[in-house]
Amino acid sequence: VSPQPPPSAPPLHPAPCRPAAAPGHPALPSSAPHPRPPRLSASSASAPRPLGPPRSVSIRFGWPRKAKSVGRGRSVRCMAAASDAAQLKAAREDIRELLNTTHCHPILVRLGWHDSGTYDKNINDWPERGGANGSLRFDVELKHGANAGLVNALKLMQPIKDKYPSITYADLFQLASATAIEEAGGPKIPMKYGRVDVTGPEQCPPEGKLPDAGPSAPADHLRLVFYRMGLDDKEIVALSGAHTLGRSRPERSGWGKPETKYTKNGPGAPGGQSWTAEWLKFDNSYFKEIKEKRDQDLLVLPTDAALFEDPAFKVYAEKYAADEEAFFKDYAEAHAKLSSLGAKFDPAEGFSLDD
Ligand code: HEM
């Protein structure tokens, strides 16, 4: 991976036809030609076909939406959406390739979760309510304590974002996370796309919205944070099961051992402490391991332990330890919900990438 610095200025998403001025998106003068998004490089080895501008895509959700006057009585169909479906599909192929070569599944899942997990259901306005809006690409948010290390995930995503300019960061982060779960052997997530990006660092959420791993009352803390996002006990337990993937690194979060027998040889950068022995495989072993607490080389955070200590959480944790199918079903639903928290979709109902 050749790291690129995170963008310091808000990259404007190219939109061929905007119905109205949005914050950060000046209205086009009616006489202006429609700007065309940059053509993709023909030399790009993994781009299977040339991708056109957003107006040429064929998804059907609510389109054509609106006619926009372009002067002297003429009008054109407005075919803009937050992200181009064809480019999202092509980006998904690139993400699969990246996963195969770098084994970065866990950090991509954490990236998606930390972009969406700032959501506050008690705030109506977008983007003040936080959530899946691409704000995590800005330095100010990447520097929040909870996001330690996620700059590495952005460095992995940036070349894909550059290659596919007509997708939003918000969609890319969630696409990468869902693809990582699926490629690691997890369930298919019923995702929708079309998330609009925030345009500047001043739209980032304040620090402190994500959960702590070691609060004094872990179950109460989890409820405080996840209920604020509109999620319930079942969803808290199911989503915690994402820790079946990945490692904690003391130099990032302060949690975990520098290395264990499961992490000392990678794959990927060696080190850290995982929750499960096979930490690149998505299954229900997280629940089995934290129930048993039998292996000193495996991590159990205070918030993980709470899932078997709190009576209401325990019902689900026991169920998922015994029944992987039940875990996969509830995880897929909860992940899809998490991925849309706080998001503003364009078109409003979002769109699926499934054919
Ligand atoms: C329930 C509250 C949660 C707490 C307190 C928590 C805390 C943590 C901590 C401390 C780390 C280690 C970070 C590092 O040192 O690099 C971590 C990693 C991770 N978290 Fe969570 N997390 C929570 C929920 C979630 C959820 C809901 C998801 C996804 C749906 C998730 C996905 C991950 C993944 C995949 C990693 C591994 C990242 C890597 O290997 O690079 N976590 N989490």
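**Fold, ligand shell and local backbone features**

The protein chain contains 11 helices and 4 strands, where helices (H or I, at least four residues) and strands (E, at least two) are DSSP runs numbered from the N terminus. The model is predicted: local features need pLDDT of at least 70, side-chain atom pairs count only at pLDDT 80 or more, and totals for chains, interfaces and linings use all residues. Residues are numbered from 1 along each chain as its sequence is written. Of the 355 residues of the protein chain, 43% count as buried. A residue is buried if 20 or more other C-beta atoms lie within 10 Å of its own, exposed if 12 or fewer, and partly exposed in between, with C-beta atoms placed from the backbone. Two residues are in contact if their C-beta atoms, placed from the backbone, lie within 7 Å. Among contacts between residues at least 6 apart in sequence, 73% join residues at least 24 apart.

The ligand is surrounded by 23 residues, of which Pro106, Ala242, Gly246, Ser248 and Ser253 are the closest; a residue is near a molecule if its C-beta atom, placed from the backbone, lies within 6 Å of it. This shell comprises 12 nonpolar, 7 polar and 4 charged residues. In this division Ala, Val, Leu, Ile, Met, Phe, Trp, Tyr, Cys and Pro count as nonpolar, Asp, Glu, Lys and Arg as charged, and the others, Gly among them, as polar. At least two shell residues come from each of α2 (105-116), α7 (233-240) and β3 (247-248). The most are given by α2, with 5 residues. Because domain 1 (85-208) and domain 2 (218-334) both give residues to the shell, the ligand lies between them; the domain bounds come from an automatic or database domain assignment.

Helix α10 (residues 311-322) has 12 residues and reaches 17 Å from its first C-alpha to its last, close to the 16 Å expected at 1.5 Å a residue. The expected span is 1.5 Å times one less than the number of residues. Phe313, Tyr316, Ala317, Tyr320 and Ala321 of α10 are buried. These residues cover an arc of only 135° around the axis, which puts them on the same side of α10; the arc is that of the directions from the helix axis to the C-beta atoms. The cover over the buried residues of α10 includes α6 (218-228), α7, α8 (285-292), α9 (302-309) and α11 (324-340).

Asp171 is located in helix α5 (residues 169-183) and counts as buried because it has 32 C-beta neighbours inside 10 Å. Apart from neighbours within four places in sequence, Asp171 is in contact with Ala82, Ser83, Leu88, Tyr193 and Arg195. The C-alpha atoms of Asp171 and Ser340 are separated by 9.5 Å, although the two residues are 169 apart along the chain.

Two cis peptide bonds are described here. One joins Trp126 and Pro127, with omega about 5°, and Pro127 lies in the loop between α2 and α3 (139-142). Another joins Asp346 and Pro347, with omega about 0°; Pro347 is found in the segment after α11.

Positive phi values occur at non-glycine positions. His103, in the loop between α1 (85-102) and α2, has a phi of about 55°. With 17 C-beta neighbours inside 10 Å, His103 counts as partly exposed. Lys293, in the loop between α8 and α9, has a phi of about 45°. With 12 C-beta neighbours inside 10 Å, Lys293 counts as exposed.
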